[in-house]
Amino acid sequence: MKILLKLAALLAVAFCLFQFVNSQTSKNARGGQQSLSDKVQQLLDMNTKRPVLRFNGNKFRDFVKSAPRNYSVIVMFTAMAPARQCVICRHAHDEYTIVANSYRYSQTYSNKLFFAMVDFDEGSDVFQMLRLNTAPVFIHFPPKGKPKPADTMDIQRVGVSAEVIGKWIQERTDIQIRIFRPPNYSATVAVLMLSLFVGGFLYLRRNNLDFLYNKQMWALLAVIFCFAMVSGQMWNHIRSPPFVHKSQNGGIAYIHGSSQGQLVIETYIVMFLSKYASELALGLNHCGNKHLFADAMIVLGMVLLTEAGWQNDNRKSKVTAIVGLFLVVVFFSLILSIFRSKAQGYPYSFLFK
């Protein structure tokens, strides 16, 4: 009898062990599918709080590198800390956030595409794993397989505007994102304040409006308007180019390397430049509307050279002529070097390469 009880106890223990092992095996067999659904649900929960998910090394490996995965992830690798001195990272992050917000609140939103960001200070191991030594970098991680060379966005060639990022994402994922930029009322407020200022000034001077017939004042305003238009402000307003971008050697480029593009900082560099004067001076009437390379200092130099001949004082005339000649030579060489940087292959230079 005791032997039968011992055998029954052993059979019960063996049956329990068999059930436990069988349940663990079934759980492991279902683990891949359950893990995928859990990952997607976690991403959706995080996406409801912020359109751009912030990943550290562990989250990047869990949600981006590890399988299974049936969704695409666009990851921006950046260095936002001021100590990193990444000039264009803030601008790139703003444009990237616009794309993520546009997708998050669009009708095409689904669990097939997510936007994430890895900061160097939060995921330096990820940078080392991917062998990244620059920032910002945009990489598309497809649902299956490893990223191809085309899955890395060439920001040196196309820039980092939201429209460009959206077009690149459509090429890689076939998901079209319509970009919605937040409204900017600064221009409207500026126009209203200027109108109020002008209206108040005219009201206070309503009994003495002779200054409205001053030709020099209207000529000065016309020249300022022309300089503002040819400096590229309207082009920047329409195209929304980046402020600066990275050069091929890893530094910061202040002049766009193509005649088909322009950076925002270029606008300030050429603010006092005259396009038509450059085309006449350089004989480049074919250069198009994108080349804005004639320094207004050349005009000032020519004025000084002209005025030098009308001076009664010989010493003052010599000084004026030398200063005028210096302005013409230096700034003509400067704009010629800028032209060479944009028109690749242009053979001529003077003083500056």
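Two strands pair if DSSP finds at least two bridges between them; helices (H or I, at least four residues) and strands (E, at least two) are DSSP runs, numbered from the N terminus. The model shown is predicted: local features need pLDDT of at least 70, side-chain atom pairs count only at pLDDT 80 or more, and totals for chains, interfaces and linings use all residues. Residues are numbered from 1 along each chain as its sequence is written, and side-chain values use heavy atoms, with hydrogens and water left out.

**View 1. Strand S4 and its pairing with S2.** Strands S2 (residues 72-78) and S4 run antiparallel and are joined by five bridges. In this pairing, Phe77 stands opposite Val137 of S4. Five of the five residues of S4 (residues 137-141) are buried, so the strand is largely enclosed by the rest of the structure; buried means under 20% relative accessible area, exposed over 50%, and partly exposed in between (1.4 Å probe, protein chains only). Val137, Ile139 and Phe141 cover one side of S4, with Phe138 and His140 on the other.

**View 2. Strand S2 beside S3.** Seven bridges pair S2 with S3 in the parallel sense, and Met76 stands opposite Met117 in S3. Seven of the seven residues of S2 are buried. One face of S2 carries Ser72, Ile74, Met76 and Thr78, and the other carries Val73, Val75 and Phe77.

**View 3. The largest nonpolar core.** A nonpolar core is a set of buried Ala, Val, Leu, Ile, Met, Phe, Trp, Tyr and Cys residues joined through side-chain atoms within 4.5 Å. The largest has 23 residues, and those with the most contacts inside it are Val99, Leu113, Phe115, Phe138, Ile169 and Ile177. At least two residues each come from S2, helix H3 (89-104), strand S3 (113-119) and helix H6 (162-173); H3 supplies the largest share, six residues. Leaving aside neighbours within four places in sequence, Leu113 is in contact (heavy atoms within 4.5 Å) with residues including Ser72, Ile74, Tyr103 and Ile169.

**View 4. Salt bridge between Asp125 and Arg61.** A salt bridge is a side-chain nitrogen of Lys or Arg within 4 Å of a carboxyl oxygen of Asp or Glu. The closest N and O atoms of Asp125 and Arg61 are 3.1 Å apart. This pair links distant parts of the chain, with Asp125 in helix H4 (residues 124-130) and Arg61 in helix H2 (residues 57-65), 64 residues apart. Asp125 is partly exposed at 30% relative accessible area, and Arg61 is partly exposed at 31%.

View 5. Arg172 forms a salt bridge with Asp151, the closest N and O atoms being 2.9 Å apart. Arg172 lies in H6 and Asp151 in the loop between S4 and helix H5 (155-158), so the pair ties together parts that are 21 residues apart in sequence. Asp151 is buried at 3% relative accessibility, whereas Arg172 is partly exposed at 29%. Arg181 and Glu163 also meet in a salt bridge (3.0 Å, N to O). Glu95, Glu163 and Arg181 are linked in a network of salt bridges.

View 6. The patch, with about 1200 Å² of accessible area together, includes Leu194, Phe197, Trp218 and Leu220. Patches are made of residues with over 30% relative accessible area and no salt bridge: like charges are joined within 9 Å, nonpolar side chains (Val, Leu, Ile, Met, Phe, Trp, Tyr) within 5 Å. Accessible areas come from the Shrake-Rupley method with a 1.4 Å probe; for residues, only the protein chains shown count as cover. Helix H7 gives the most to the patch, with five residues. Leu220, in helix H8, is exposed at 54% relative accessible area.
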